Structures are given as C-alpha cells and as structure tokens.
Amino acid sequence: MNTAAPDDTLLSAWIDGELPPERRAEVEAWLREHPDDAARVRAWSADARSLRSALDPVLDEAVPTALTQTVWRKAPAVLPDVAWRRWAAALALFVLGGAVGAGLTWRMQGSPAAGAALASSGGWVQRAAVAHSVYVPEVRHPVEVKAQEEHLSRWLTRRLDVPVKLFDLREQGFELVGGRLLPDASGPSAQLMYQAITPPGAASAAAKPERVTVYLRKPDDATPASFRYEQQGELGLFYWVEGKSANSGPTGYALVGALPRDKLLALAEAIYRQDPSRP
Amino acid sequence: MDAPTSFRQQLLGVIPRLRRYARSLVFDPHAADDLVQTALERALAHWHQFDQRRDILVWTISIAHNAYMDDRRRHARASLVEPSDGFDPDASQPAASTDIGLQLDLVKALGRLSLEQREALLLVTLEQLSYAECAEVLRIPIGTVMSRVSRARIALRALLDGKDAMPPPGTLRRVV
C-alpha cells in the first residue's frame, strides 16, 4: 500500500474511531508495518484506560444529598407575584385536567407529582394521555373511522381546522389503525391510532397489540415549541407544537405510548419529518 | 413554568457522570461538587431550552463547562493562579486495587496540561463523547477537537515519560 505516513492527529482520531472506513484501513495497514507508531498508539490507549480507572471510582460514590436536593428544589421565585400566578395557573390546569380525566386516570400509575408536571405542560397533554388510555385497550372499536377509509384525513382536517396527515410509520414498525374525533377544552381534537405490525407467522394470539396514539389539536398558542418528553407511569409522551406555515395553521402534537423512550422518539421524529406544514 | 418531574429524573441520572467530569477538571472533590451544583441549578433554570432529541449528558456537560469557564474568568480577575495549582493529589482517592503511584502521576500530569488540551482529552477519552459532541460542548470546530486531543495525548505521554514538555505549573499563567 502506497500511503503516506499518517500524522499524529490521524493516529489519535483512529483510536477514537473517528476516521471514515477507507482512512481507517490505511492507518491500520500503516500500523501493521510500523511497530514504533503502533507502540505509541498503544501507549496513548493505555493512558486513556488509566485515566478512566483513576476517575471511574467517582461514579460509584454516593451522590451527596445537597446535589439531589438541588434537583428537587422548586425554582427560586424571581418575583413572588409572578411565581404565585404561574403556580396558580398550573394548579388550575391540573384541576381542569383532573376533572376531565376523573375516573379514568386510574389506569395511569403516575405519582401525584408526575400528574402535576403533566398538567403544567398544558392540560391538553393530559387529555392526550387520558384519550390514549381509554381507547388503546378497545378490541372491537379502537377507532371511529378505519384507516382504509380514504375520507379519514379529509374529515379530520375539516373538523380540526388544522391539516391532519395520516403519518406513515411502517418503517418504524407501526401501521395506522384509524382515527377518531374527540372533544378538547376549546374545540375538537383528533386521535390517530397505530399498532405494531406483527410479522406474518408470529403468534397473533397476543391479546394486547402494542399501540401508540397521536393526538392533534389546534394549539391555544401559535408559538412553536420543541420536543418535550414526559413520563407518566408506563406511558411516555412526546409533545410539540408546529408553527404556522404558508399553507396551514399551527398544530399541537402529542405522541403517547407505553414504549421505551428511544423507540417513542424514533416515532416522534418520523411524524415530525412528515408534518404537512413543513416544507 | 417549573421543571417537570421527568426532567428532574433525567438530571438525577446524569449526576454521577457530571461529578466524574467535574472531578477531572478541578480535582478537589468539594470544588468539583460545587461546580456540579452550579450546573444543575442552571440546567433547572433553563430546562425549557433542552430539546429532548438531544443527549442530556452532553447538554449538562456543556453547562458544566460554561460554569467552569465563568468561574475561571472570575478567578482570573482576582489572581492569575490556576485553580489546579492548589491541587492536592491526596485529595483524590484512587481505587486501592490499581497502581496508586501511577494514578497520582497521571492525575498530576493531567493537571499540567493546558486547559484546552485537558478538556478535549477528558471529553473524548473519559466521557467518551464523539468529536462532534466534544466540538458542541467546547464550541470549537471538529478539526480543532481532533488536533487538541492528539496534542494532549502526546503532551500527557511526554509528562509521564519524565520528558517535561510543559513548563511547571508555577510558571503556567495562561488564562484562556
């Protein structure tokens, strides 16, 4: 191989696995033929290992309570008046969410604190969680309109006054079951239900197919908001608000599912990419 | 709005890693925990800026890095003494099972690298961040990360080999 000597920067990047495959092969070929360089690279790797073994014990130390307490402390009030009003607003939302979901929230095993956190993020996210828990266990009537009916998207779009796209999540292993119209605090909202695709031949006797729901509504506030994540009991929720674009108004989304966070995130990102208001 | 419970739980999860990172920067356990405390407070105050698609560890390490730099700037105005000058090797207690002599040399040598090199090396080898993540934390180009890591490796090895490539810390008055 007629490669020039790799410089130290390249050798160092090789240790860190930061080289593209062809450069990596070149460096490896070089190191096989140049034992001095190979020895240097080994020494650097050994130093990195020693660094880790010198500092890793910190990971096993008990976390000082002062730090844990910092994490749980409420935000210091900048102005007591503002803080109080914020708290009152969050409480009002919580009470509202609680009233809507009363009798239904028993399905969700979140602590009261988790409930308050959900409510403070906006009552609609709480309603999305409740709607999920109500309809997901339905065996015979999980949806109002089945996915196959082509008017589903048009119907929901017309009623919600925001574009409702039937997101394609097959790449992520989920297929659309259908959708339904739901009452929200200030108007209609929609729920799209998706179900894990069972591979042919797999035991379809599984009584509880894995399902996620997408809750859509016209948001109270047109301000776009980035992805937020909440966990309530076994339910994970990703929610965000897409801003106004040339051809559509702002839309609030909540993705709900009893899935690991990373799996749910992959679905949320697929929905985000397919958003009709995005160019 | 106050930070939600789920965010606080995520923060709790990264505390051990933040403590290790802080310890590798300032060595003294109490000063390191003070740095972690500042980072946690800032993270809570800005929780709404955290995009859940990002890695919370990288985000909080960025905050800790910025807090450390702020702290240094404050100290730099008061005196030109590097925080690591006051480093007491006995303060960090290495695991008994490994070669303590080597570890003390190593930590000492680490303290004698320039801050720029030390941070890049620690983020990549200790925290095992990718060059891209490291660049994000330090707000420098990836190419700069690459050269700083490589120069740090060479300097550290030279120090451990007894080839003192660096001026002793007493004369190292560099303030970034």
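Q: What should I know before I look at it?
A: This is a predicted model, in which local features need pLDDT of at least 70, side-chain atom pairs count only at pLDDT 80 or more, and totals for chains, interfaces and linings use all residues. Residues are numbered from 1 along each chain as its sequence is written, and chains are lettered from A and ligands numbered from 1 in the order in which they are written.

Q: What does the model score overall?
A: Its ipTM is 0.79 and its pTM is 0.52.

Q: And what is the mean pLDDT of chain B?
A: For chain B the mean is 80, and 76% of its residues reach 70 or more. The term pLDDT is the predictor's confidence in each residue, from 0 to 100. Chain A averages 77, with 74% of the residues scoring at least 70.

Q: Where does pLDDT stay under 50 in chain B?
A: One such stretch is residues 79–99 of chain B, for which the model has 31 contacts beyond four places in sequence. Another is residues 165–176 of chain B, with 19 contacts of that kind. Two residues are in contact if their C-beta atoms, placed from the backbone, lie within 7 Å.

Q: Where in chain A?
A: Residues 77–84 of chain A stay under 50 and have two contacts beyond four places in sequence. Residues 98–121 of chain A also stay under 50, with 45 such contacts. Where pLDDT is low, the predicted coordinates should not be read in detail.

Q: OK, new topic. How many helices and strands are in chain B?
A: Chain B has seven helices and zero strands. Helices (H or I, at least four residues) and strands (E, at least two) are DSSP runs, numbered from the N terminus.

Q: Which of those elements has the highest mean pLDDT?
A: H7(B) does, at 95, while H4(B) has the lowest, at 74.

Q: How much of chain B is buried?
A: Of its 176 residues, 43% count as buried. A residue is buried if 20 or more other C-beta atoms lie within 10 Å of its own, exposed if 12 or fewer, and partly exposed in between, with C-beta atoms placed from the backbone.

Q: Is H1(B) largely enclosed or largely open, and why?
A: H1(B) is largely enclosed by the rest of the structure, because 17 of its 22 residues are buried.

Q: How far does that helix reach?
A: H1(B) reaches 30 Å from its first C-alpha to its last, close to the 32 Å expected at 1.5 Å a residue. The expected span of a helix is 1.5 Å times one less than its number of residues.

Q: Where does H1(B) bend?
A: The bend is at B:Ile15 and is about 40°, and a proline, B:Pro16, follows within four residues. A bend at a residue is the angle between axes fitted to the seven residues ending there and the seven starting there. After H1(B) comes B:Phe27, with a positive phi near 65°.

Q: What about H5(B)?
A: H5(B) is mostly covered, with 10 of its 12 residues buried. Among the buried ones are B:Arg118, B:Glu119 and B:Leu122. Just after H5(B), B:Gln128 has a positive phi of about 55°.

Q: How many residues does each chain put into the contact between chain A and chain B?
A: Chain B gives 43 residues and chain A gives 45. On the chain B side, the largest share, 11 residues, comes from H1(B). By class, that side has 22 nonpolar, 10 polar and 11 charged residues. Here Ala, Val, Leu, Ile, Met, Phe, Trp, Tyr, Cys and Pro count as nonpolar, Asp, Glu, Lys and Arg as charged, and the others, Gly among them, as polar.

Q: Which strands pair in chain A?
A: S2(A), residues 174–183, and S3(A), residues 188–196, pair in the antiparallel sense over nine bridges. Two strands pair if DSSP finds at least two bridges between them. S2(A) and S3(A) form a hairpin with four residues between them. In this pairing A:Phe174 stands opposite A:Ala196. Two bridges also join S1(A), residues 145–146, to S2(A), and those strands run antiparallel.

Q: What is the bridge partner of A:Val145 in S2(A)?
A: The partner is A:Gly179. A:Val145 lies in strand S1 of chain A and is partly exposed, with 15 other C-beta atoms within 10 Å. Among the residues that A:Val145 touches are A:Leu152 and A:Trp155.
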